[in-house]
Amino acid sequence: MLSAFTVVCALLVVAGAAKLRSPRPARDALALARVRVPVAVVRALGLGEVALGTFAVLWPSAIAATAVAIAYGGFCAFVVTLIRAEERPTGCGCFGDADAGAGTAHALLNAAACGVAVLAATAPPPGIGWVFARPVAIAAPLALGVATAVLAGYLTFTAFPRAWRAYGAGSSR
């Protein structure tokens, strides 16, 4: 559970950092959901994501994991709202200016991340310090695997929708 929860928290940090760097896509997506906020509010939300993800991975607890689950549940509901909007955006702003399409796959990924956090809330994993207390032969592959999973998760949220649209737009053979 530690690895999956760490990946979910790290993706929260990455998404928050992306909103800090590039808040306009999230602001525009929120406007489509009839929530009009200034860029400063989006940056504050991004900072909250960074803080929550960092706190939860360093000091996991039932409360921290529940907060992560609530965040991902909110993201899932937001993406579903965008999917149902009359004017569908190409991006949701979740990862700043990265083209993260607001589609069914995105909603399902958020739901899966919410599920991981719910499981972590019922049985909180040890903190990330546990990994570094292991012998290097265990800690290094585990850390590399988590980093790879974070990258794969990021690409699944951002590159997969564009690749899927391109595949679907291809000519029949």
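Of the 173 residues in this protein, 40% are buried, where buried means under 20% relative accessible area, exposed means over 50%, and partly exposed is in between, judged with a 1.4 Å probe on protein chains only. Keep in mind that this is a predicted model, so local features need pLDDT of at least 70 and side-chain atom pairs count only at pLDDT 80 or more, while totals for chains, interfaces and linings use all residues. Residues are numbered from 1 along each chain as its sequence is written, and side-chain values use heavy atoms, with hydrogens and water left out.

What's it built from? You'll find seven helices and zero strands, giving the pattern α-α-α-α-α-α-α along the sequence. Helices here are DSSP runs of H or I with at least four residues, strands are runs of E with at least two, and both are numbered from the N terminus.

On overall dimensions, the C-alpha trace spans about 50 × 45 × 30 Å along its principal axes.

Now for the inside. The largest nonpolar core has 43 residues, and Phe5, Val68, Tyr72 and Phe95 touch the most other members. Such a core is a set of buried Ala, Val, Leu, Ile, Met, Phe, Trp, Tyr and Cys residues joined through side-chain atoms within 4.5 Å. Helices α1 (2–21), α2 (24–32), α3 (39–58), α4 (62–84), α5 (104–122) and α7 (136–169) each supply at least two residues of this core.

Zoom in on Tyr72: apart from neighbours within four places in sequence, it is in contact with Val8, Leu11, Leu12, Asn110, Ala113 and Cys114, contact meaning heavy atoms within 4.5 Å.

Next, look at Thr6 in helix α1. Thr6 counts as buried because its relative accessibility is 8%. Skipping neighbours within four places in sequence, Thr6 is in contact with Val57, Ile128 and Val146.

Finally, find Val39 in helix α3. Val39 is buried too, with a relative accessible area of 14%. With neighbours within four places set aside, Val39 is in contact with Pro23, Arg24 and Arg27.
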